[in-house]
Amino acid sequence: MTEPILAARGLRKSFSIGSGWFAAPDQLHALNDVSFDLYPGETLAVVGESGCGKSTLARCLAGLTDLTAGSFAVAGADGRAFIRDDALRFHRAMQIVFQDPYASLNPRRTVRRSIADALRLHRMCKREEERARVTDLLLQVGLSADYLDRYPHELSGGQRQRVCIARALAVEPKILVCDEPVSALDVSIQAQIINLLKDIQRRRGIAYVFISHNLALVRQISDRIAVMYLGEIVEIGAAAAMQRTFLHPYSRALFAATPVIGSRQEDRMRVPLTGDVPSPLHPPSGCHFRTRCPFATARCSEEKPALREVSGRLVRCHFAEAMSAG
């Protein structure tokens with residue numbers, strides 16, 4: 001069996017919120033025991049509502065935020081030790097594409113300089129080869145050499161994101177973390193960027209961690225889907241199976257809320273959600289989702305469900321078997 005290119009185990013990230021003379025600061029648990037594997041050439045989509053911990057997970061994996069606990073391995077090497085001992089080599093293996101391409105680019109640098117800086121930092125080519133390498137990278141993301149000497153403000157949102165992708169590809173990474181890379185773009189441009197990422201993956205064999213809150217979008221690109229709620233993965237499995245049915249009430253509610261052209265809403269299983277998302281500072285006891293779940297019982301408040309295998313996927317719910325049968 002193929003070894004995972006990225007193996008995360010028990011990832012935790014907490015932030016101290018507030019402080020005072022007589023009280024200890026509260027702890028916000030942005031990530032709580034997150035575990036998953038990512039295989040070469042695979043796309044794992046991580047979905048959930050805003051504030052569920054998706055972007056914190058992306059930043060921790062990319063080495064931009066320190067983990068509180070847990071570990072992850074990149075191509076068999078300890079990721080946290082990798083970052084500490086050889087950060088440059090780590091970032092050659094793992095790159096990230098952010099949500100806002102305009103904020104990701106230095107407004108004082110041209111497209112050529114933005115991409116060439118990555119080549120120079122990682123010593124990917126000789127100085128005299130830079131222009132040809134940058135031009136080739138632009139062509140790979142659908143831009144011509146005419147864009148070499150343009151500044152970010154002279155580009156559209158989709159063009160800026162293509163430049164960010166080209167810059168990430170410059171160091172030939174094995175893993176690309178995409179933190180909502182199309183949410184700031186027009187719908188028509190979103191489809192172009194998704195098709196571009198799929199084409200790059202076919203040619204290069206890169207593995208993607210694709211962060212999004214849009215289930216309709218991740219169906220187009222993902223091999224597996226992980227659903228997060230209040231810092232925890234509540235369901236993870238093959239995308240093909242999860243397009244047919246979900247085994248966690250929260251996953252099912254997310255799916256039901258996604259518009260699908262040509263389907264009647266009454267034909268789709270609706271899971272009503274009541275109340276607001278609880279504060280991550282003081283999450284509910286037991287199952288974090290129980291305060292909004294229509295199937296919750298006394299057991300849900302007393303016993304925290306483990307992430308366990310049900311029908312070929314991992315689910316964090318006491319009654320996943322009943323959901324599978326239903």
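How many aromatic pairs does a search of the whole structure find? The search finds five. Welcome to a predicted model, in which local features need pLDDT of at least 70, side-chain atom pairs count only at pLDDT 80 or more, and totals for chains, interfaces and linings use all residues. Residues are numbered from 1 along each chain as its sequence is written, and side-chain values use heavy atoms, leaving out hydrogens and water.

**View 1. Tyr-229 and Phe-289 form an edge-to-face pair.** Rings of Phe, Tyr and Trp (its six-membered ring) pair if their centres lie within 6.5 Å; planes under 30 degrees apart count as stacked, over 60 as edge-to-face and the rest as tilted. Here the ring centres are 5.1 Å apart and the planes stand at 90°. Tyr-229 belongs to strand 9 (residues 224-229) and Phe-289 to the loop between helix 11 and helix 12 (298-302), so the pair ties together parts 60 residues apart in sequence. Helices (H or I, at least four residues) and strands (E, at least two) are DSSP runs, numbered from the N terminus. Tyr-229 is buried at 2% relative accessibility, and Phe-289 is buried with a relative accessible area of 2%. Buried means under 20% relative accessible area, exposed over 50%, and partly exposed in between (1.4 Å probe, protein chains only).

**View 2. Glu-42 and Arg-224 meet in a salt bridge.** Such a bridge is a side-chain nitrogen of Lys or Arg within 4 Å of a carboxyl oxygen of Asp or Glu, and the whole structure holds 19 of them. In this one, N and O are 2.6 Å apart. The partners are 182 residues apart: Glu-42 sits in the loop between strand 2 (26-38) and strand 3 (43-47), and Arg-224 in strand 9. Glu-42 is buried at 11% relative accessibility, and Arg-224 is buried at 18%.

**View 3. Glu-130 and Arg-127 form a salt bridge.** Their closest N and O atoms are 3.4 Å apart. Glu-130 is buried, at 8% relative accessibility, whereas Arg-127 is exposed, at 56%.

View 4. Arg-203 is partly exposed, with a relative accessible area of 43%, and Asp-199 is partly exposed at 28%.
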